[in-house]
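The coordinates come from a predicted model.

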Amino acid sequence: MSDYAVLQVDKLRKIFPLAGGRRLHAVDGIDLTLHAGETLALVGESGSGKSTVARCVTRLIEPTAGDVRINGRSIRPLDSVALASLYREVQMVFQDPNASLNPRLSVRQVLHEPLRLHLAMPRDKREARARALVELVGLAPAHLDRYPHELSGGQRQRVGIARAIAAEPNLVILDEPTASLDVSVRGQVLALLRRLQRELKLAYFFISHDLPVVRHMADRVAVMYLGRIVEIGPTAEIFERPAHPYTRALIAAAPIAQWGVKRDRLRLAGEIGSPVDPPDACRLVGRCPLEQPSCRTAEPALLTVANGHQAACPITLGQSATLGQSALDRPMPSQTAA
Amino acid sequence: MKPLAPLEGLELAEAASAPGATIRTRRRLRLSWSMRIGLGILGVYVTVAMLSVFWTPYDPLAPGVGDSFLPPGQDFWLGTDRLGSDLLSRLMTGAQYDLGITLVAVAVALTLGTILGVIAGYYGGVVDVVLLRGVEMFQAFPGLLFAMLIVKAVGPGVLNIIVVMSFIGIPDYLRLARAEVQARRNWPYAEAARMVGNRAWQVAFLHLLPNSIGPVLAFTSINAAFVALITASLGFLGLGLSPNTPEWGNMIARGQDAVMTGEWWISFFPGLAILGMTGAFYLLGDAISDLTDPRRRR
């Protein structure tokens, strides 16, 4: 792992205009950096804007504002030809392998496409490489002749992964790659992804709502809520010393199969809020048990908790002059006690 | 004995007894029959049309090859008309006109309409609005009225009829292809296709079009039946081709007075020919809609 930044996201914003002049702030000014060979997880509930980030970062949809750099090159001004060449460097594994594979293409055709279009390989070389790819992802050469509907969910996702790594990108965006898979094959696919990361020196931008999986896969975690990053830091830090109430609630909601672990039982009221025309306030207002009047007056910025660990909650961090006391009431998350 | 064998047998037995399996088998059988009958009838029409280029029992355009109003019999199998022309020869030659015009017009409408529809559906925005409003203007007129107006304006002739018929078909193909492509435009496999290096037009025409073409192809046969009917209607109204042309609509018109006096065969056989052709197209349409579903392949 080096400090070379594969992906830099700077004040990225995606706003969808709605009927009646209202605006849906799907992604509302986020900053992220992903280093070579690293796995950065982006976690959050459905509707938090995770997948929109993934699509903006690859310009599958056009960002409203902000900048995205992939291997140092800004992707915003690229025309369609330059964009096609960018996709040699960044690839995506989609959530539902059922929907991300063209039902009319055999596995062979799926794998030949990036080799032909990105690498301009002649047919015999493509075939050799396609064979190597299916074996690399744990399928047999016989699978090359199959169509998606003849494969199981896990096999389809392996094809999706093989397609993503075919043109040898250094950044792969994993958009909930195991969310639509059976639990029984989830572990195999995750193990495959880790192996490929090691062997091919890939950086992963891992989008997920599955915390145990994130803990297993990620080097760093960014927690997203209603279009904002509310907390970001090394995986162990985030899971053992979560600072933001939302992160704490998210971790508290995940089941733990371990006896005698005392848990941080912070709970949020209600459901995820609306990203339509958000007010200039903390987005957790109305749900947070630690809420103070100051939470409603300004959007909190990310504050440093520890080295590389930031959270957007002045209340728990005790950095609000009048409200320092409430941070002390905060029960210590006690994963470490086990 | 291999330990796996009984298990495999069990799976097969289960699959066979599942209600879904029987229904699907029955359905496929029925459809393959409509395919066979449709293709069979059209095969006869195509054969007759091609044969008539080289050989007909009598000269289809010559009057007086027999007496007037001869009923179907040994010398003239389908009888003769008022001018004493052989009806069978005229009917055979008519296949060239009716089938030829239909097939060419459908092919042109299918090609242009689908291309425009894919463009409208994939690119959306202004392109979509302009194309859609454009074809809506044509669709505001009923098909036959529109055809009559245009043919009246540009004059009769096979080429003109083909152009008019194609134009009438284009809006339907455009709308169908547009709707299908639009529904798939943001599917992950379209996004994936872009990420493996396809340009936008490649995604639209190489990835989305093949998955969208099923309903469009199924519509071709319905469109063909429609075109055949309108072509015959124009002929019947005396707008399509010169009056002596052995086009089926023309022939029905020529025999319509005779029906009153008992010479039914002059209008009946061309009518039957039109019915057979349109029927065959409908049968095919039914079958094609099923064939183009990729999950049914293999």
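## Interfaces within and between chains

Domain 1 of chain A and domain 2 of chain A bury about 780 Å² between them, and carbon and sulfur atoms account for 64% of it. Of the area that domain 1 of chain A buries against domain 2 of chain A, 73% is supplied by A:E45, A:L211 and A:R215, more than by any other three residues. In the domain assignment, domain 1 of chain A covers 36–59 + 74–218, while domain 2 of chain A covers 236–337. Their centres, taken over C-alpha atoms, lie 33 Å apart. Each side gives nine residues to the contact: nine from domain 1 of chain A and nine from domain 2 of chain A.

Two salt bridges are counted between domain 1 of chain A and domain 2 of chain A. One of these joins the side chains of A:R215 and A:E240, at 3.4 Å from N to O. On the side of domain 1 of chain A that touches domain 2 of chain A, helix α8 (residues 211–217) of chain A gives the largest share, three residues. By class, that side of domain 1 of chain A has three nonpolar, four polar and two charged residues.

The interface between the chains is described next. The contact between chain A and chain B draws 29 residues from chain A and 19 residues from chain B. About 2,300 Å² is buried between the two chains, with 56% from carbon and sulfur atoms. One salt bridge is counted between chain A and chain B. It pairs A:R55 with B:E191, whose closest N and O atoms are 2.9 Å apart. Eleven residue pairs are in polar contact across the interface of chain A and chain B, both residues being at pLDDT 80 or more.

Several elements of chain A each supply at least two residues of the side that touches chain B: α2 (80–86), β6 (90–93), α3 (97–100) and α4 (107–117). The largest share of that side, four residues, comes from α2(A). Its residues divide by class into 15 nonpolar, seven polar and seven charged.

| Interface | Buried area | Carbon and sulfur share |
|---|---|---|
| Domain 1 of chain A and domain 2 of chain A | about 780 Å² | 64% |
| Chain A and chain B | about 2,300 Å² | 56% |

Conventions: Residues numbered from 1 in each chain as written. Chains lettered and ligands numbered in written order. Predicted model: local features only at pLDDT ≥ 70, side-chain atom pairs only at ≥ 80, totals over all residues. Heavy atoms only, no water. Contact = heavy atoms within 4.5 Å. Buried area = accessible area lost by both parts, 1.4 Å probe. Salt bridge = Lys/Arg side-chain N within 4 Å of Asp/Glu carboxyl O. Polar contact = N/O pair within 3.5 Å; in protein donor to acceptor, adjacent residues only side chain to side chain. Nonpolar A, V, L, I, M, F, W, Y, C, P; charged D, E, K, R; others polar. Domains from an automatic or database assignment.
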